[in-house]
Amino acid sequence: MAGFPQGTIFDVSSVARQLDIPSAFLYKIFQKLTSKKIICSHRGAQGGFSVVKNAGNISVRKIIEIIQGPVGLNKCLVKKSGERSRTKKSCSQQNGCSLNVQLDLIQKKLFKVLDKLTIKKLSRETKFNNSFDKRPAFS
């Protein structure tokens, strides 16, 4: 979907079929993306969803966090902002834990990669990019 111009409407069932995932599952994902104004829903017989934001400005990390919540390699590293949580201890050893320090370094590197990787860049690498049933949003 990210490879198509903003405003192009996609039918959930055709996208689900192409990705070989259940339509109901994809619809729930689309609802979450709609609530964060990444995509827009269109009602009616010719309805569906369309991409609202420029795919080059949407990071993979943002999409992951919209769909499943904050990203973290371990509970002790999860915080809404992506920084290590210092307010809640998830275990009694958190402050002196050498694994926690190493996981924090790895997580910061992971965040850099996910923040730099955009949906547009990712869509260039997928075989599904131009195979969806699509129609202009404003016809």
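A: Happy to, and let's start with Phe49, which counts as buried because its relative accessibility is 6%, under the 20% cut-off for that label. Keep in mind that this is a predicted model, so each number here is computed from predicted coordinates.

Phe49 takes part in two ring pairs. Phe30 is itself buried, as its relative accessibility is 3%.

The other partner is Tyr27. The count of aromatic pairs comes to two, and the Tyr27 and Phe49 pair is edge-to-face as well, with 5.9 Å from centre to centre and 70 degrees between the planes. Tyr27 also belongs to helix H2, while Phe49 lies in strand E3 (residues 48-51), so the pair ties together parts that are 22 residues apart in sequence. Tyr27 counts as partly exposed because its relative accessibility is 40%.

Tyr27 and Phe30 are both part of the contact with helix H1, where Val12, Ser13, Val15 and Ala16 in H1 meet Ser23, Leu26, Tyr27 and Phe30 in H2. The residues of this contact divide into six nonpolar, two polar and no charged. The axes of H1 (residues 12-19) and H2 come within 9 Å and cross at roughly 115 degrees, and H1 passes H2 in a right-handed crossing. As background, an α-helix has 3.6 residues a turn, so residues three or four places apart point the same way.

On the strand side, the loop between strand E2 (39-42) and E3 holds Gln46. Gln46 is exposed, because its relative accessible area is 55%. In space, the C-alpha atoms of Gln46 and Asp11 are 8.7 Å apart, although 35 residues separate the two in sequence.

Helix H2 (23-35) has a further neighbour in H3. The buried residues of H3 (residues 60-68) are Val60, Arg61, Ile63 and Ile66, and these pack against H2, helix H4 (98-116) and helix H5 (119-124). After H3 comes Gly69, whose phi is positive, near 95 degrees.

Helix H4 then brings us to Gln107, which is located in that helix. Gln107 counts as buried because its relative accessibility is 1%. A polar atom of the Gln107 side chain lies 2.8 Å from the backbone nitrogen of Leu73. Gln107 and Val71 are 36 residues apart in sequence, and their C-alpha atoms are 8.9 Å apart.

Technical notes. Residues numbered from 1 in each chain as written. Predicted model: local features only at pLDDT ≥ 70, side-chain atom pairs only at ≥ 80, totals over all residues. Heavy atoms only, no water. Buried < 20%, exposed > 50% of the residue type's maximum accessible area, 1.4 Å probe, protein only. Helix = DSSP H or I, 4+ residues; strand = E, 2+ residues; numbered from the N terminus. Contact = heavy atoms within 4.5 Å. Polar contact = N/O pair within 3.5 Å; in protein donor to acceptor, adjacent residues only side chain to side chain. Axes fitted to C-alpha atoms, helices over the stretch in contact; angles between N-to-C directions. Left-handed = near helix turned anticlockwise from the far one by under 90°. Nonpolar A, V, L, I, M, F, W, Y, C, P; charged D, E, K, R; others polar. Phe/Tyr/Trp six-rings, centres within 6.5 Å; stacked < 30°, edge-to-face > 60°.
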